[in-house]
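Q: Could you take a close look at how the helices pack in one part of this model, and then connect that part to the rest? Please give the cut-offs behind each term as you go.

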Amino acid sequence: MEKKQKLLLGLTSTPMILIYVMAVFCLIAALRQPAFLSPATLINLCRAGIFTMCFAICEMVVIISGGIDVSFPAIGCVAMYVPMWLYNHDMGVDSVFFFFGVAMLIGLVFGILNGVLVSFLKLPPLIATLATSSVASGGLIMLLGTREYTSLPPSLDALYSVNLITFTDPATGFKYPLTILILVPVFLCIIVALIMKYTMLGRGLYAIGGDKNAARVAGFNVIVLQFIAYIFCSVMASATAMIYTTLMHSSTTTALMGEEMIIIAACVVGGCRLTGGHGSVGGTILGVLLITLVRNNLNMLGIPTSWQTFAVGLVLLLGAVLSSIQARRIEKMGKI
Amino acid sequence: MANEVFLKLSGIKKSFGGVHALRGVDLEIRRGEIHCLAGENGCGKSTLIKAISGVHEPDEGTIWIDGEEMKHMKPMDAIGKGIQVIYQDFAVFPNLTVAENIALNGELKNKSKFVSWRDVHEVAARAMSQVGANIDPDVRLERLSVANKQLVAICRAIVNDAKLLILDEPTTALTAREVEKLWAIIRSLKEKGIAIMIVNHKLDEIYQIADRLTILRNGAYISSGDISEYDQARFTRDMTGHDIVEDKYAPEKSSEEVLRVEHLSRKGSFEDVSFTMYRGDVLGITGLLGSGRGEIGEALFGLAPADSGTIVLNGRTITIKSVSDAIANEIGYVPEDRLTQGLFMDRSIQDNTIAASIRAYMKGGKLDEKGMEDATNRWIKEIDIKAPSPKPAVRTLSGGNAQKVVIAKWLNTNPKLFILDGPTVGVDIGAKAEIHAILHDLAAKGIGIIVISDDLPELVQNCNRILVMKDGRCTGIIDNSIDEVSLGKMLIGA
């Protein structure tokens with residue numbers, strides 16, 4: 001009986017439901033549009049998911065620690081724009097290390113700012129990172145203007161042309177390259193998952209997200225842990241922004257603005273709780289996959305692309321309803 | 001080994017910004033003994049625990065642990081010496097599993113960088129078998145009952161090689177059966193030679209468990225000794241600093257009828273309950289859990305209205321079908337669980353005091369701030385709520401003071417009938433006496449007072465008439481010449 005109940009609980013858990021939804025989505029798409037089953041779809045999906053995945057992992061770490069970070073798009077914009085501006089004003093060297101180095105350094109500075117605001121000054125994280133976001137975005141436009149850089153420096157262009165595999169559609173002859181940069185989210189997910197599960201650092205992040213006071217009493221250094229979460233988020237988001245520039249051949253002051261809500265949504269759909277302490281890399285991957293799938297393949301279902309925002313909204317609603325039902329079900333099971 | 005002193009404090013003083021929280025406390029705890037630390041709310045118990053656990057460094061005085069004098073002790077030093085505190089909120093992680101909650105602190109103490117989940121499970125299983133706990137180690141803490149959360153906290157303390165376990169008011173949120181279980185666990189830990197200090201102010205529980213007792217009052221050491229040296233009178237005197245007058249309540253006889261209830265029934269709860277109250281009467285309603293004692297109060301306040309019967313208040317027959325009926329008829333009600341039902345814990349004393357009478361302050365579409373503040377100040381003075389102003393949140397008040405705020409809330413509605421369910425649960429002795437004095441005053445002013453309680457000594461002392469319920473029926477209305485033992489027998493129908 002108990003085994004049966006556990007099995008039933010497992011089959012109706014949030015991650016499983018996400019998988020069902022995705023399966024149904026793919027099935028309908030494949031039925032309507034056999035081309036959906038081509039490897040090209042998968043490659044396109046991977047390409048589209050690179051940034052979302054990286055940003056979501058960053059955000060997930062902050063959410064687990066009991067905070068929230070809405071400043072990473074703005075920080076990312078600074079981090080993608082400043083190196084290009086420097087390079088175009090003959091103040092940079094043409095090297096992948098320079099571009100990514102400067103970007104991550106910028107991320108570090110803003111990460112420290114967020115860390116100071118949240119852990120030392122104890123500001124509410126939403127307000128603190130909103131302030132950081134405005135300062136970063138506004139400061140950038142004020143100081144460096146609003147150009148758009150569309151040509152990549154040779155070193156980044158070289159990085160762009162490195163592909164893991166290239167799929168050539170036998171029917172049309174179109175080439176679908178899969179960039180080597182796909183490995184960034186892959187390794188990021190593996191490393192963060194291991195850290196969260198098997199190190200005291202990861203468990204500490206869960207602990208402070210669960211109960212800050214209990215964590216302090218237990219002997220965790222709450223301030224340092226919060227700092228680490230915000231710095232990780234900013235630095236990694238900045239690197240991701242540089243990947244964005246490389247893949248999109250574009251660097252503007254506002255390219256990523258507005259991304260924060262969809263990223264937070266992906267985390268929540270994947271099982272993170274905004275109150276902190278809950279969430280996992282696996283769940284976040286599912287959340288990102290679902291949102292990327294819906295964002296990029298609606299036309300495969302025969303739904304016009306103009307419905308995209310609406311459909312993403314439905315996915316969000318699904319996530320919210322799922323977690324609320326799950327919470328109520330656990331409550332109903334009673335205390336043990 | 002039995003009489004070996006593990007912890008010794010002498011002349012501990014500590015003040016915060018000029019307020020003396022501790023003014024010279026001595027304490028001696030021996031290995032393998034259960035020591036109760038008693039005192040009214042605000043007597044310095046919590047500060048003393050923090051001094052022992054290294055959270056606060058005392059301004060003066062010495063602490064010896066295991067014969068070693070401790071200087072500039074930090075929390076980690078105290079833990080290293082085997083002192084473990086289980087706070088009232090247990091300081092557990094709701095989002096982590098039972099096993100991890102038990103093992104995490106130990107891993108932190110060892111300064112390990114990595115987590116071995118096999119070790120975590122082993123450590124948890126060992127600790128749980130030591131205290132005889134049987135909880136699924138993979139369940140998240142948020143799903144556990146209070147008693148099991150406490151068990152996890154105890155397991156965690158054991159893992160960390162506790163030599164002295166300090167429990168801060170461990171029984172407040174437990175049912176009677178859970179308390180029994182807790183005592184069994186504590187006794188088994190005592191057998192293992194662990195010293196245990198329990199902070200508690202409930203006399204009956206102290207008698208059940210303690211070997212020795214130390215009493216504090218206003219931050220000062222009052223007395224200490226074997227539990228056999230304390231009878232109730234000495235305990236009360238040492239706790240409150242004065243003898244609480246043990247006179248039974250005896251109002252002047254009056255023929256002025258306040259409330260008459262005839263044949264009140266509610267299907268499945270109680271049947272055919274009739275009683276009459278006269279001016280000055282404080283009526284007690286008692287009975288075992290499920291006897292219908294609480295339901296009568298709920299019926300009179302309209303929470304779960306009666307199906308049939310007559311209610312006559314001040315000579316007028318009234319119908320009560322809902323809470324708003326009750327309020328319209330000027331009836332006040334203090335629920336049993338005031339924390340969840342009677343108070344807005346995070347709002348100010350003023351907000352709580354005017355909560356039931358806010359309409360009266362609505363003047364021309366605006367709230368009369370001045371009037372509300374004046375009313376609150378008047379009640380603070382009148383029923384002696386210990387608060388500097390109407391501003392502090394109720395959460396910051398002690399149990400007794402919080403209860404007074406609930407009472408003030410209803411008094412501010414000028415009730416004609418005031419029903420209190422368990423008015424002194426979780427309230428310490430001194431404040432208890434004050435609350436009863438307030439009720440007696442109100443009764444003398446012609447307000448009908450009904451106290452629903454299972455605290456028999458309290459009823460016998462403070463109500464001049466007691467209605468006994470059994471299985472939904474009134475088995476008798478008696479005056480308070482009865483002693484609590486015979487009343488107890490009546491309750492179970494023996």
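A: In chain A, helix α3 (residues 39–64) and helix α8 (residues 183–198) cross at roughly 20 degrees, and their axes come within 9 Å; helices here are DSSP runs of H or I with at least four residues, strands are runs of E with at least two, and both are numbered from the N terminus. The axes are lines fitted to C-alpha atoms, for helices over the stretch in contact, with angles from 0 to 180 degrees between N-to-C directions. The model is predicted, so local features need pLDDT of at least 70 and side-chain atom pairs count only at pLDDT 80 or more, while totals for chains, interfaces and linings use all residues. Residues are numbered from 1 along each chain as its sequence is written, and chains are lettered from A and ligands numbered from 1 in the order in which they are written.

α3(A) and α8(A) are therefore roughly parallel to each other (angles under 35 degrees count as roughly parallel, over 145 as roughly antiparallel, 65 to 115 as roughly perpendicular and the rest as oblique). Their crossing is left-handed, a term for a near helix turned anticlockwise from the far one by less than a right angle, with clockwise giving right-handed. From α3(A), the residues A:Ile50, A:Met53, A:Cys54, A:Ile57 and A:Val61 meet A:Val184, A:Pro185, A:Leu188, A:Cys189 and A:Val192 of α8(A), where contact requires C-beta atoms, placed from the backbone, to lie within 7 Å. By class, this contact has 10 nonpolar residues, no polar and no charged ones (Ala, Val, Leu, Ile, Met, Phe, Trp, Tyr, Cys and Pro count as nonpolar, Asp, Glu, Lys and Arg as charged, and the others, Gly among them, as polar).

Within chain B, an open sheet of 6 strands runs in the order β6-β7-β8-β3-β9-β10 with mixed pairing, two strands being paired if DSSP finds at least two bridges between them. β6 (83–86) and β10 (220–226) of chain B stand at the edges with a single partner strand each, so one side of each has no neighbour in the sheet. The twist from one strand to the next averages 15 degrees. β6(B) pairs in the parallel sense with β7 (residues 164–168) of chain B over 4 bridges, and B:Ile86 stands opposite B:Leu167 in β7(B). Helix α8 (residues 232–240) of chain B lies across β3 (34–38), β9 (212–217) and β10 of chain B, at about 35 degrees to β9(B).

Key. Contact = placed C-beta atoms within 7 Å.
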